[in-house]
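Please read this briefing alongside the sequence and the model.

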Amino acid sequence: MDVVALYDELQSIRAVAERTGLPYSNVRRQLHRAGVELRPSGGRPLDLDADPVSDYLAGLYRRDLSLRAIKARTGYGYGFIRARVGPELRDRQGRPRKAAGL
């Protein structure tokens, strides 16, 4: 079986693994050894500028709601919320966190 040809046809390591019955890691290793440039995983890139959910979550965060409070209100997970509220986090008292090591 030609894993490289299947990867070109199916466009994902996971699809090749399912078709061949091989473990994902085995397929990935074979492609790497064959010198194949792997496509990025995770689907389409996140475009936060055109995402109304990101605007909504960032607005909640700007109104001094904590990540925990936003999670309770919306049902979204911490990682989902954190990726959309921006890089600046606050501590438990609502003050901006300082960068580590400063």
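Predicted model: local features only at pLDDT ≥ 70, side-chain atom pairs only at ≥ 80, totals over all residues.

Residues are numbered from 1 along each chain as its sequence is written, and side-chain values use heavy atoms, with hydrogens and water left out.

**Overall make-up**

- The secondary structure comes to six helices and zero strands, where helices (H or I, at least four residues) and strands (E, at least two) are DSSP runs numbered from the N terminus.
- Read from the N terminus on, the elements run α-α-α-α-α-α.
- Of the 102 residues in the protein, 24% are buried; buried means under 20% relative accessible area, exposed means over 50%, and partly exposed lies in between (1.4 Å probe, protein chains only).
- Among contacts with a separation of 6 or more, 36% are accounted for by residues 24 or more positions apart, a contact being heavy atoms within 4.5 Å.
- The protein exposes about 7,800 Å², of which carbon and sulfur atoms supply 50%; accessible areas come from the Shrake-Rupley method with a 1.4 Å probe, and for residues only the protein chains shown count as cover.

- The buried residues of H1 are Val3, Leu6 and Tyr7. Seen down the axis of H1, these residues fall within an arc of 105°, so they line one face of the helix; the arc is that of the directions from the helix axis to the C-beta atoms.
- The cover over the buried residues of H1 includes H2 and helix H3 (24-33).
- Leu10 is also found in H1, but Leu10 is partly exposed, with a relative accessible area of 22%. Not counting residues up to four places away in sequence, Leu10 touches Ala15, Val16 and Arg19.
- Gln11 lies in the loop between helix H1 (3-10) and H2, and has a positive phi of about 75° although it is not a glycine. With a relative accessible area of 46%, Gln11 is partly exposed.

**Val16 in helix H2**

- Val16 has its place in helix H2 (residues 13-20) and, at 0% relative accessibility, counts as buried.
- Leaving aside neighbours within four places in sequence, Val16 is in contact with Val3, Leu6, Tyr7, Leu10 and Val27; Val3, Leu6 and Tyr7 are the buried residues of H1.
- Val16 and Val27 are eleven residues apart in sequence, and their C-alpha atoms are 7.3 Å apart in space.

- Tyr24 belongs to helix H3 and counts as partly exposed, at 34% relative accessibility.
- Tyr24 touches Ile13, Arg14 and Ala17, not counting residues up to four places away in sequence. The C-alpha atoms of Tyr24 and Ile13, eleven residues apart in sequence, are 6.6 Å apart in space.
- The second largest pocket holds about 200 Å³ of space. Of the twelve residues that line this pocket, the closest to its centre are Ile13, Tyr24, Arg39, Pro40 and Ser41.
- On a 1 Å grid over the protein atoms alone, a pocket is an open set of points where a 1.4 Å probe fits, with protein on both sides within 12 Å along at least five of seven lines, and lining residues have an atom within 4 Å of a point. Grid points are joined across faces, edges and corners, and the volume is the space filled by probe spheres set on the points.
- H2 and H3 each supply at least two residues of the lining of the second largest pocket.
- By class, that lining has five nonpolar, four polar and three charged residues; Ala, Val, Leu, Ile, Met, Phe, Trp, Tyr, Cys and Pro count as nonpolar, Asp, Glu, Lys and Arg as charged, and the others, Gly among them, as polar.

**Helices H4 to H6**

- The buried residues of helix H6 (residues 78-85) are Ile81, Arg84 and Val85. They cover an arc of only 95° around the axis, which puts them on the same side of H6.
- The buried residues of H6 pack against helix H4 (52-62) and helix H5 (67-74).
- Val53 lies in helix H4 and is partly exposed, with a relative accessible area of 25%. Val53 touches Tyr76 and Phe80, not counting residues up to four places away in sequence.
- The C-alpha atoms of Val53 and Arg84 are separated by 8.2 Å, although the two are 31 residues apart along the chain.
- Just after H6, Gly86 takes a positive phi of about 105°.
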